[in-house]
Amino acid sequence: MIVEKTATITNKSGLHARPAALFVQTAARFKSNITVTSPAGHKADAKSIMSVLALGAEKGTTVTLRAEGDDAEEAIDTLIELMTSNFGEGE
């Protein structure tokens, strides 16, 4: 199964430091291969902190999440929920 959805980063610091670490930890819970693509077309492995940080995704950036595997839909839905909750930063 392949699932692809877009989401906008709304937390103040974007996908950097603590939010990126939380994103990667969450992605790692799933068996699916998960990628994050920036508007510029840069792709990152959602399970690699260095790869995610290299995207430089800031507040307001819309990214595309794509997962391929048996738990792809759950993986994407969980990651989007994490993003829309502002990574628990309460903003």
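Glu4, Arg66 and Glu68 are linked in a network of salt bridges. A salt bridge is counted when a side-chain nitrogen of Lys or Arg lies within 4 Å of a carboxyl oxygen of Asp or Glu. The structure is a predicted model, in which local features need pLDDT of at least 70, side-chain atom pairs count only at pLDDT 80 or more, and totals for chains, interfaces and linings use all residues. Residues are numbered from 1 along each chain as its sequence is written, and side-chain values use heavy atoms, with hydrogens and water left out.

Side chains of opposite charge can pair when their charged atoms come close. A search of the whole structure finds 3 salt bridges. Arginine 66 pairs with glutamate 4, with 3.4 Å between the closest N and O atoms. This pair links distant parts of the chain. Arginine 66 belongs to strand β4 (residues 62-68) and glutamate 4 to strand β1 (residues 2-8), 62 residues apart. Strands (E, at least two residues) and helices (H or I, at least four) are DSSP runs, numbered from the N terminus.

Arginine 66 also meets glutamate 68 in a salt bridge, at 3.6 Å from N to O. Glutamate 4 is exposed, because its relative accessible area is 53%. Arginine 66 is partly exposed at 31%. Glutamate 68 is partly exposed too, with 41%.

A further salt bridge joins aspartate 77 and lysine 5, whose closest N and O atoms are 2.7 Å apart. Distant parts of the chain are again linked. Aspartate 77 is in helix α3 (residues 72-84), lysine 5 is in strand β1, and the two are 72 residues apart. Aspartate 77 has a relative accessible area of 33%, so this residue is partly exposed. Lysine 5 is partly exposed, at 31%.

The surface also carries a nonpolar patch. Ile49, Met50 and Leu53 make this patch of about 260 Å². Patches are made of residues with over 30% relative accessible area and no salt bridge; like charges are joined within 9 Å, nonpolar side chains (Val, Leu, Ile, Met, Phe, Trp, Tyr) within 5 Å. Accessible areas come from the Shrake-Rupley method with a 1.4 Å probe, and for residues only the protein chains shown count as cover. Isoleucine 49 lies in helix α2 (residues 49-54). Isoleucine 49 counts as partly exposed because its relative accessibility is 31%.

Note on methods. Buried < 20%, exposed > 50% of the residue type's maximum accessible area, 1.4 Å probe, protein only.
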